[in-house]
Amino acid sequence: MNWSKLELRKARTPGVLLIFLILLATLTLYASPYTVIFVTSIFMYIILTVSWVIFSGPTGYISFAPAAFFGVGIYTSAILGTELPLPIVILTGGVISFILALFVGALTLRLKGVYFTIFTLGLVELSKHLLLWYEIKFTGTRGRFVVLVDNTTIYYILFIILVLLLLTSYLIRRSKYGLALRSIGESEEASAHTGVNVNLLKTFTFALSAVFMGATGAIMATRWTYVDPYIAFNLQYSFMPVLMSIFGGMGQLYGPVLGAVIFTMLEEKLITEFPYYYMLTIGLILLIVIIYLPDGLVGLIQKWQNRSPEKQHVTP
Amino acid sequence: MLVTILDIVIAGLLLGGLYALIAMGLSLQYGVARVLNISHGEFIMLGGLTTWTITKSLGINPFVSLVICGPVAFILGYIIHQTLFKRLYSISASPSVFESSSMLASFGLMFIIQNIALLAWGPEIRGYSYLAFPVHIAGTLFGANRLVTTGFAIVIGVGFYLFLARTRTGKAVRAAAQDPTTAGLMGVNINRVLALCFGLGAAMAGIAGMLISMCYPVHAVMGMPYTIIAIVVVALGGMGSIPGSFIGGFALGLIGSIVTHFEPGLALVAYYLIFILLLLLKPTGIMGK
């Protein structure tokens, strides 16, 4: 009696997920162009946020590097977009970001705490100003034009990247690598003593999260048609994933997704009419979450679930 | 040739004095209160825009705003520490957890202060002319306002150094920087000292903003680059060291001036490159332990 109920509950989550995926996969058939573009923005932020959480969630290293990898993807698209077919451009964006992250990670992941954070902040600014100098000095112009791609293609490519990312993230969480990553977050020394190759694992995971950011940058560039270093390496793309993950909570996979969806919707509604109030609210929410909700929305939902007696025997 | 070199050096020192003043406040906030304050540049912006408003609307000497910018920024910083960071400190499990969460909180503060300023002043770039007449030094011309700014930064630096070295409160600050728990056991009111440091850091940023507004145009989103420069200087000079801030500030000013002379577009690139190399090779800074 009891187990069949449990089975049902187990089957329910994947079932809901499947319906949701089918709805999203067929979105362009029934939704308005506006909705498709809007959902594309949501996808972009979910990808940036979830891939940020792959590395920073379990290890606790706060990285402001997403804008650097995203920008690398954008410029890959701007430079190669006219010469190579789109899938190869996107793949190249991911691979170049991966290599950059591997290099940066190997150099810097021995930095602890805030030193690592300010290093990543410096990395974004360095890339931006170096590129700006190069563009003005050698090409004579500040920006570049990017090949146009229609909205449906952008939507589906981001959808594929998102599904791959969620799958990767889910598998990492379940595997022993996820466990090893979390042990690094708890205590690096203890983790090293239990046989975890701390540096290799950190560097590789950092690079893995950069792949998705780079690929997303490469496809998003085609939507903007014109990019310059200030647009491509905008720190906004570093700040938002951090904010969205903290707000959503990093304990569960759905946390960062929830955070990204809520903030993108808020942004869509508020940024054109009340841009300053929107950013002001973001700051306030961040403070409130840090002080009162250290586990984000996920923590809140779990607390609420544990309180209802029906669920109690399910949680191990 | 000699004149050119002198020219570069003096320009670098003038820039460096300002950098040192900006960095000193952050160094105090991070070195003692353990808050890597990302919103540091926003206090600079508030100081700059307040000075602009006072000078433009009331038509009085910008130095008058010293009596407003300094104390108001101090009170603001003191209150922020007593409400926000004190609470964060008490709920954080370890010092490193506090460092991360306080940095993120200061990042929230940055959004709040910046957008309040945008609502109050709008996004326009503001400037006024004060002491803009040229002064001859070693055969080249420098704006009098730049000289005043650097002189002022040095006066504040020396005054603050004496405060830390000679007064009883200064001793408490140094004790809190070394070991807050033990300092607390020795009778130092640790919360008050940390809030004092945070407030003083904010006050220095406010005064730096006032001085910056005399030389450069100011606007509501000017804060971030100054925050990053302050972080670079603090990393260069060592966290929590006042002489370090000055050495770091002058070093960065000189580097900036030299690079600007040869390749103007690369000055910021040089700053970040130095910063990144420094973090990799000697994360404790030149004067750090």
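The contact between chain A and chain B takes 30 residues from chain A and 32 residues from chain B. Two residues are in contact if their C-beta atoms, placed from the backbone, lie within 7 Å. The model is predicted: local features need pLDDT of at least 70, side-chain atom pairs count only at pLDDT 80 or more, and totals for chains, interfaces and linings use all residues. Residues are numbered from 1 along each chain as its sequence is written, and chains are lettered from A and ligands numbered from 1 in the order in which they are written.

On the side of chain A that touches chain B, α5 (86-108), α6 (113-139) and α14 (275-292) each give two or more residues. Helices are DSSP runs (H or I, at least four residues), numbered from the N terminus. α6(A) gives the most, with 15 residues.

Within chain A, the axes of helix α3 (residues 33-59) and helix α10 (residues 198-224) come within 9 Å and cross at roughly 170 degrees. Axes are lines fitted to C-alpha atoms over the stretch in contact, with angles from 0 to 180 degrees between N-to-C directions. α3(A) is therefore roughly antiparallel to α10(A) (angles over 145 degrees). Met44(A) and Ile47(A) are among the α3(A) residues at this contact; Thr216(A) is one of those from α10(A).

Leu158(A) touches Met44(A), Ile47(A) and Thr216(A), among others, not counting residues up to four places away in sequence. Ile47(A) and Leu158(A) are also among the residues with the most contacts inside the largest nonpolar core, which has 179 residues. Such a core joins buried Ala, Val, Leu, Ile, Met, Phe, Trp, Tyr and Cys residues through C-beta atoms within 7 Å (buried: 20 or more other C-beta atoms within 10 Å of a residue's own, placed from the backbone). Helix α8 (residues 190-215) of chain B gives the most to this core, with 19 residues.

How values were computed: Angles under 35 degrees count as roughly parallel, over 145 as roughly antiparallel, 65 to 115 as roughly perpendicular and the rest as oblique. A residue is buried if 20 or more other C-beta atoms lie within 10 Å of its own, exposed if 12 or fewer, and partly exposed in between; C-beta atoms are placed from the backbone.
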